[in-house]
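Trainee: I would like to go through the labels used for this model and see what each one rests on.
Mentor: Then ask about them one at a time.

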Amino acid sequence: MAKRVAIVGAGVSGLASIKCCLEEGLEPTCFERSNDLGGLWRFTEHVEEGRASLYKSVVSNSCKEMSCYSDFPFPEDYPNYVPNSQFLEYLKMYANQFNLLKYIQFKVFLSTTGGAWVMSRISTRGLPWDMVFMTRFQNMFRNSLPTPIVNWWMARNINSWFNHAHFGLMPEDRTQLKEPVINDELPGRIITGKVLIKPSIKEVKENSVIFKCTSEEQPIDIIVFATGYTFAFPFLDEAVVKVEDGQASLYKYIFPAHLEKPTLAVIGLIKPLGSMIPTGETQARWAVRVLKGVNNLPPRSVMIEEVNARKENRPSGFGLCYCKALQSDYITYIDDLLTYINAKPNLLSLLLTDPRLALTVFFGPCTPYQFRLTGPGKWKGARNAILTQWDRTFNATKTRTVQESPFPFASLLTIFLVLLAAIFLVFL
């Protein structure tokens, strides 16, 4: 008889968990509070209670019960504030009320406590930023450099688009990684005066706010909370999952380290510097095999020791500093999980048997096709998908055919890259 698995939440992590359960021959039942699939951060699952003594396995989507938080005084009866997730609906309602949707003009104040890096979706030569940044070669190169050098290099590249100090956006703490804001519109809005960058809010009054470092009141009609979220698992006893300082005691961000049996997995409670969807799916692939009994977890003492070490947030001194709660190196973390299910690409073996694919995997974008080259869930179309991913990227924008001049040193560059890849792969 197939094991039954309860999946809490039908967001992207929950859907991936359903798929992985079905692939492993398990019987999933999904509980979703809303009427839609796919999920949004604004919805909350409504499971009344989960007990540690359940015989059924449980996969939690970790689209948690969330609430906005704020660190400034706020009148309890202030009428016009909305969380950022509901802002678009509120904006339409507000504008339609006066039939002003086409004509309404807003003066926007963007209040930031510590600043932020703002990046464009477009990288050098008009290529997608994530496809250029997220490669195994670049990740290994970054992780081999001292953190101050990596921070300087990152700041230099980000500032090459626009000087963050001149726009009032420079992060105050540049020693630790803070998730960048991917937004192509903001610099243009600031330079044309449509968005005004302000420090954190000192006080909120009935129809105005006072920002820090000034006594001037700014008239405000609507306040949008984009201050982040806290998370909780109200349907679980604290003895099962306890949230402290913005994180839970989860081995590999998935399994409660202290449970006697691995009957509970949390999927998606992580902040990788990369795509969340393949991260959640990879978590689910491993978690489902553990629930099924195909893969085993280490002893509880080992898991607790690793969880405690992670909570101490001791920087290694190399690469980016992932010192905030739940932050993780995307490629390193996923490779770690893939190792447990024997699905991590073996680059040295590929270099000997399929050098073209090995070079593309190492130097090219680390897309999820790579996670399906081998192991359980192997996809026979993964190789071709990897080798043709740039073609699909360019086809989306190359709607007018142009004649390109050939690069005279292309063959020499190819030889150089092959030799460089061979050197790196030997020392992996």
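This is a predicted model: local features need pLDDT of at least 70, side-chain atom pairs count only at pLDDT 80 or more; totals for chains, interfaces and linings use all residues.

Trainee: Why are H4 and H11 called oblique to each other?
Mentor: The axes of helix H4 (residues 136–143) and helix H11 (residues 355–363) cross at roughly 50° and come within 5 Å. Angles under 35 degrees count as roughly parallel, over 145 as roughly antiparallel, 65 to 115 as roughly perpendicular and the rest as oblique. An angle of roughly 50° falls in the rest, so H4 and H11 are oblique. The axes are lines fitted to C-alpha atoms, for helices over the stretch in contact, with angles from 0 to 180 degrees between N-to-C directions.

Mentor: Residues are numbered from 1 along each chain as its sequence is written, and side-chain values use heavy atoms, with hydrogens and water left out.

Trainee: Which residues make the contact between H4 and H11?
Mentor: H4 contributes Arg136, Phe137 and Met140, and H11 contributes Val361, Phe362 and Phe363; contact means heavy atoms within 4.5 Å. By class, five of these residues are nonpolar, none is polar and one is charged.

Trainee: What makes Glu24 buried?
Mentor: Its relative accessible area is 16%. Buried means under 20%, exposed over 50% and partly exposed in between, with a 1.4 Å probe and protein chains only. At 16%, Glu24 therefore counts as buried. Glu24 sits in the loop between helix H1 (12–23) and strand E2 (27–31). Leaving aside residues up to four places away in sequence, Glu24 touches Val288, Arg289, Lys292 and Pro376.

Trainee: How do you know that Glu24 and Lys292 form a salt bridge?
Mentor: The N to O distance between their side chains is 3.2 Å. A salt bridge requires a side-chain nitrogen of Lys or Arg within 4 Å of a carboxyl oxygen of Asp or Glu, and the pair of Glu24 and Lys292 meets that. Lys292 lies in helix H7, so the pair ties together parts that are 268 residues apart in sequence. Lys292, at 33% relative accessibility, counts as partly exposed.

Trainee: Which salt bridges does Lys19 form?
Mentor: One is with Glu23, where the closest N and O atoms are 2.8 Å apart. Glu23 and Lys19 are four residues apart in helix H1, about one helical turn. Another is with Glu281, at 3.3 Å. That pair links distant parts of the chain, Lys19 being in helix H1 and Glu281 in helix H7, 262 residues apart.

Trainee: What makes Glu281 partly exposed?
Mentor: Its relative accessible area is 21%, so Glu281 falls in the partly exposed range. Glu23 at 44% is partly exposed, and so is Lys19 at 36%. Salt bridges that share partners join Lys19, Glu23, Glu281 and Arg372 into one network. A search of the whole structure finds 13 salt bridges.

Trainee: Which residues of helix H9 (residues 330–340) are buried?
Mentor: They are Tyr330, Ile331, Tyr333, Ile334, Asp335, Leu337 and Leu338. These buried residues pack against H4, strand E20 (271–272), helix H7 (276–292) and strand E21 (327–328). Just after H9, Asn342 takes a positive phi of about 55°.

Definitions and conventions:
Helices (H or I, at least four residues) and strands (E, at least two) are DSSP runs, numbered from the N terminus. Ala, Val, Leu, Ile, Met, Phe, Trp, Tyr, Cys and Pro count as nonpolar, Asp, Glu, Lys and Arg as charged, and the others, Gly among them, as polar.
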